[in-house]
Every structure is written in structure tokens, then in C-alpha cells.
Amino acid sequence: MTEYYLRVEAVNLDSSVYDTYDVSTIRGGSFMLHNAVEGMEQKIAELSLPCTNFKDMGSAASVGLFSFKTDENDIESTILSPILDKILEDIRSFATLVWSVHPVNENESFTSILQYLLADCRWKQYQQASVVLPRDKDKDNACALDGVRPAAIPDRVGDKVALISHAVYSRRGKGKRLRNQIYKNLLEQSVSDLPD
């Protein structure tokens, strides 16, 4: 079996996380990108792919580095496509992903493989659009928060209701839920720390 390294990375963050001044949208987008690569070993095990020893070699923020072994010749369709579909489940509406895979050769150092993966991801990044535009092209009003994507969903923005895009709506909702959970966790922790 041949061992491979796979790097998956969310890119163009200015257009997928920091494209608004709304803190809930920024927080939600960032959290969703982090969640997309976190726990991939378990997610991949559920897919029953023709590969073994799928390991997280060091994932953080919006970058995942994985290793796996396989005898498959067509890695793109049999292994990478299902993995990328799994990663993109929740972030497809707003995120731009790049990936690179490289076989482990005994003549190459780990550092040189990492450099190859990074360079290949940068090359792919430069070939992609900066913004993931929605498939629904019949909307012609701009989102009230990002000013670029077509507005589609009414939501409360400040003290009024405005139309926002699907991408902002999903990130903003996740960010609000995350904020509420953080405060709940902090409050429970601080109450439990009080002496009896």
C-alpha cells in the first residue's frame, strides 16, 4: 500500500469570513471552517472508503493535514471526492477550498512534502474565484451585510429587518448560537466555581 499526505485548506478568507462587519457572521464562518476539518478521522471512517490508517497529522483553524494508505489508482474519484464532499457539507455555500495530495516517497523528507502540498494549494488558490457565488442567479439585490452576494432572506440587522444572502444567513445563525453557548458555558463554569 502507498501512503499519501492530503492537505485541505479554506482560502480567500476575506470573502468567506471577513466579508462583513457583523461579528456573529465572522464568528460563525470561522467556527464552521474549523469544524469542517476537525474530527475528520471519525467522519472518514463512516464513509467506508478504500483506504486505511486515515490520520489527522495536524489540523488547525481552516487547514487540515491528513495521511492515509491505499492501493487505489484513481484516488481522485474513489477517495478525494467523497472526503471533500464530507468536508464541504456545511460550508459549500460560502467557502473556497483547495487541496493537494502527494505520495510518500522514501527519498523525500517530510518537510519537502509539506512544501509541495503548500505550493500546490497556493497554485490552486490562484486559479479559483475569490467569492463563492450562489447558484440562484435570479436575485439582483445585494446582501445588506456583505454587499456582494444576492440578498434572499429577511433577517434582523440592528433595529430593522434587511435582506441578507444565504451564505451570510448560515454563518450568522451559527455565530449567534455559538455566542449564546459560550456565555452559557462561562456562566455555568463560574457558578460551579463558587464556594458552597
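Here is a short chat about the predicted model of this protein chain.

Colleague: How many helices and strands does the protein chain have?

Modeller: In this predicted model, the secondary structure of the protein chain comes to 5 helices and 6 strands.

Colleague: And what pattern does the chain follow along the sequence?

Modeller: Read along the sequence, the elements follow one another as β-α-α-β-β-α-β-α-β-β-α.

Colleague: Let's pick α1, then; where is this helix, and what does it reach from its first C-alpha to its last?

Modeller: Helix α1 takes in residues 23-37, which is 15 residues, and from its first C-alpha to its last it reaches 22 Å, close to the 21 Å expected at 1.5 Å a residue.

Colleague: Which residues in α1 are buried?

Modeller: The buried residues in α1 are Ser24, Thr25, Gly28, Gly29, Met32, Leu33, Ala36 and Val37.

Colleague: What follows α1?

Modeller: After α1 comes Gly39, and the phi of Gly39 is positive, near 75 degrees.

Colleague: Changing topic to the whole chain, what share of the residues is buried?

Modeller: Of the 196 residues in the protein chain, 38% are buried, and the accessible surface of the chain comes to about 11,400 Å², with 51% of that surface belonging to carbon and sulfur atoms.

Note on methods
Residues are numbered from 1 along each chain as its sequence is written. This is a predicted model: local features need pLDDT of at least 70, side-chain atom pairs count only at pLDDT 80 or more; totals for chains, interfaces and linings use all residues. Side-chain values use heavy atoms; hydrogens and water are left out. Helices (H or I, at least four residues) and strands (E, at least two) are DSSP runs, numbered from the N terminus. Buried means under 20% relative accessible area, exposed over 50%, partly exposed in between (1.4 Å probe, protein chains only). Accessible areas come from the Shrake-Rupley method with a 1.4 Å probe; for residues, only the protein chains shown count as cover. The expected span of a helix is 1.5 Å times one less than its number of residues.
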